[in-house]
Amino acid sequence: MNVSIKQRASAVLAGLVLLAGVAITSAAPVLAAPAPATPVSQLSAADSTVTSINPYEWNTATASGAPPAGAICEWTPGAQACFERSGDRWWVLDNSSDGRSVTASWTNRLDTYPGWYTVDYREGSCVNKLGAGNWGVCNKDYYEDGTRHAYGIGSLLEWQACFYDSAAGTWHGCSSPPPSWTYNDQ
C-alpha cells in the first residue's frame with residue numbers, strides 16, 4: 001500500500017491533536033512547520049541584516065594599557081579591536097596617524113531556542129579618539145551565554161575593527177568579520 005507524504009502528515013497531525021483532546025475532521029489542513037532560524041554554526045556577517053531591537057550604542061574609550069592575555073582580537077592594518085569575555089570589555093588600538101578614530105564595532109545576538117541565535121539584541125561601537133599608538137577601553141555588560149533572558153538562554157558577539165571619522169560621522173573601512181560568532185560565556 002502506497003501512502004503519500006500528505007496522508008502520513010495528516011495522520012501524524014490527527015494523532016497529535018487527538019492526544020491533546022481536540023477532535024478534527026479528515027478535511028483538516030496539514031500545517032506547514034515554520035522555517036527554521038539559522039543555527040549558530042552557520043551564522044556569518046551576511047546574517048547581520050536585521051536591525052538591532054535596541055538603539056545603537058556609542059561609547060568613547062578611556063585611556064588604558066594593552067588588553068589582558070586571553071582577549072580575542074580582530075584587526076586590520078592600522079586598527080585593532082579586542083574583547084575580554086570575563087568582564088565584557090573592549091580594547092581598541094589606533095595604529096594609524098591619519099586623524100581618524102578607530103572602533104570596535106559589535107553586534108550582540110541572543111538565543112531564542114537552543115542553538116538558534118535569531119535576535120540582534122544590541123549593536124554599538126567603542127570609539128578610540130585617543131590618537132595613534134594609544135589603547136582605549138570601554139566597559140560593557142552583556143548577557144552571558146548561559147544566562148536566561150526574555151528570549152531564551154544564550155548570547156553571542158561578533159565585531160570588527162573599523163576606521164571612523166568622528167568629526168564627519170563617516171566610516172572608512174573595517175576588518176573582515178571573524179569567521180564565527182563568539183559565545184559570551186565567561
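**View 1. Threonine 103, a buried residue of strand β6.** Threonine 103 has 0% relative accessibility and so counts as buried (under 20% relative accessible area; exposed is over 50%, partly exposed in between; 1.4 Å probe, protein chains only). This residue belongs to strand β6, residues 101-113 (strands are DSSP runs of E, at least two residues, numbered from the N terminus). The model is predicted: local features need pLDDT of at least 70 and side-chain atom pairs pLDDT 80 or more, while totals for chains, interfaces and linings use all residues. Residues are numbered from 1 along each chain as its sequence is written, and side-chain values use heavy atoms, without hydrogens and water. The side chains of threonine 103 and serine 105 are joined by a polar contact of 2.8 Å (N or O atoms within 3.5 Å; within protein, one able to donate a hydrogen and the other to accept it, with residues adjacent in sequence counted only if both atoms are side-chain atoms).

**View 2. The disulfide of cysteine 126 and cysteine 138.** The two sulfur atoms lie 2.1 Å apart (a disulfide requires cysteine sulfur atoms within 2.5 Å). Cysteine 126 lies in strand β7 (residues 116-128) and cysteine 138 in strand β8 (residues 135-139), 12 residues apart. Both cysteines are buried.

**View 3. The disulfide of cysteine 162 and cysteine 174.** The S to S distance is 2.1 Å. The torsion about the S-S bond is about 110°, so this link is right-handed. Cysteine 162 is buried at 1% relative accessibility, whereas cysteine 174 is partly exposed at 36%.

Technical notes: Helix = DSSP H or I, 4+ residues; strand = E, 2+ residues; numbered from the N terminus.
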